[in-house]
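Please look at the structure first, and then read the points below alongside it.

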Amino acid sequence: MTPPVTSGRLADKRVVVTGGARGIGGEIASRFAAEGAAVSILDRLVDLGTERAAAIGGTFHEVDLLDPAATAATTTAAVEAMGGVDVLVNSAGILRFTSLLDLTVQDWNETFSINTRAMLTTMQVCVRAMIAAGHGGKIINLASMAAKKGGAGEGAYPPSKAAVVALTRMAALEWGCHGITANSLCPGYILTEMGAATRTQADIDTWSSYSPLGRLGESSDVAAVALFLASPDADYLTGQAINVTGGMVMH
Ligand SMILES: NC(=O)c1ccc[n+]([C@@H]2O[C@H](COP(=O)([O-])OP(=O)(O)OC[C@H]3O[C@@H](n4cnc5c(N)ncnc54)[C@H](O)[C@@H]3O)[C@@H](O)[C@H]2O)c1
């Protein structure tokens, strides 16, 4: 793939990216750093996170987002190390395949804890810092097209992502008066490690046919939209749940 044209659009911006060790969060961390941002990666994958942080001139902070206290402490440490935060990207997430009839309370709680509650914790830390600094900020939360259309066999994932959309709208409503925007991204099928263990070539061919563009998405497709949301071009855009689905979902 041709490397993106960079323009220094995020020069002087300090960014926290959860789930930035790999996948969509990893691509966002790399793309934002290439645009001039200082990037802190929060993840539980130490080797991949450390490697990516070193490659992009950022920092890595190990955390298990299942743990609320550790999440708050690690986010605080990352923000303090950068001297503040301008952009928060919540990309960490998990998908556990199970039918509703077999969905356990533990799976429900852990999925909501990582996919949704952890976002609340990182937002609380970062928004307090943004308000104290007094020059606004931007929040980008990874939801999913599953928030809008569900997903048979995807357990607690679709409801946790619908909650992300609602939580992000609340953030837009409550913090807009501080110049803080909050939007969620709703990707379709993106070729990452998520779901890779069970994904077959036949699945890829079938899912590709759902898009008018005839292909699945890449992490770079999502990172490009995240970059727009983090840039001044999106200053008047808040409370939205933006599809990045190659046209699979249009509402
Ligand atoms: N890949 C897709 O098709 C797709 C589609 C729609 C939405 N999304 C969403 O995009 C986001 C990124 O997904 P991805 O495809 O890059 O997945 P991925 O599995 O490649 O990356 C997820 C990252 O989150 C981190 N993470 C997970 N649980 C964690 C925990 N408890 N503590 C700390 N870090 C944790 C992982 O270590 C990993 O680095 C997720 O929120 C996902 O739900 C993905």
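In this predicted model, the helices α1 (23-34) and α6 (157-175) each supply at least two residues of the shell around the ligand. That shell comprises 29 residues, of which Ile24, Asp43, Tyr157, Lys161 and Thr192 are the closest, and by class it divides into 16 nonpolar, seven polar and six charged residues.

**Polar contacts and burial of the ligand**
- Arg22 places a polar side-chain atom 2.8 Å from an oxygen atom of the ligand, while a polar side-chain atom of Asp64 lies 2.9 Å from a ligand nitrogen atom.
- The backbone also takes part, with a polar backbone atom of Ser91 lying 3.0 Å from an oxygen atom of the ligand.
- The ligand taken alone exposes 820 Å², and the protein buries 96% of that area.

**Largest pocket**
- The ligand takes up the space of the largest pocket, which holds about 1000 Å³.
- Its lining consists of 44 residues, and those closest to the pocket centre are Gly93, Leu95, Tyr157, Thr192 and Met194.
- Two or more lining residues come from each of α1, α5 (146-149) and α6, with α1 giving the most, at three residues.
- By class, the lining of the largest pocket has 23 nonpolar, twelve polar and nine charged residues.

**Second largest pocket**
- About 210 Å³ of space lies in the second largest pocket, where His135, Gly136, Gly137, Lys138 and Asp235 are the closest to the centre among 15 lining residues.
- The strands β5 (137-142) and β6 (180-187) each give two or more residues to this lining, which divides into four nonpolar, seven polar and four charged residues.

Terms used
Residues numbered from 1 in each chain as written. Predicted model: local features only at pLDDT ≥ 70, side-chain atom pairs only at ≥ 80, totals over all residues. Heavy atoms only, no water. Near = heavy atom within 4 Å. Polar contact = N/O pair within 3.5 Å; in protein donor to acceptor, adjacent residues only side chain to side chain. Areas by Shrake-Rupley, 256 points an atom, 1.4 Å probe, with all protein chains shown as cover. 1 Å grid on protein atoms, 1.4 Å probe; cavity = no way out; pocket = protein on both sides within 12 Å on 5 of 7 lines; lining within 4 Å. Sits in = over half its atoms within 2 Å of the grid points. Helix = DSSP H or I, 4+ residues; strand = E, 2+ residues; numbered from the N terminus. Nonpolar A, V, L, I, M, F, W, Y, C, P; charged D, E, K, R; others polar. Points joined across faces, edges and corners; volume = space filled by probe spheres on them.
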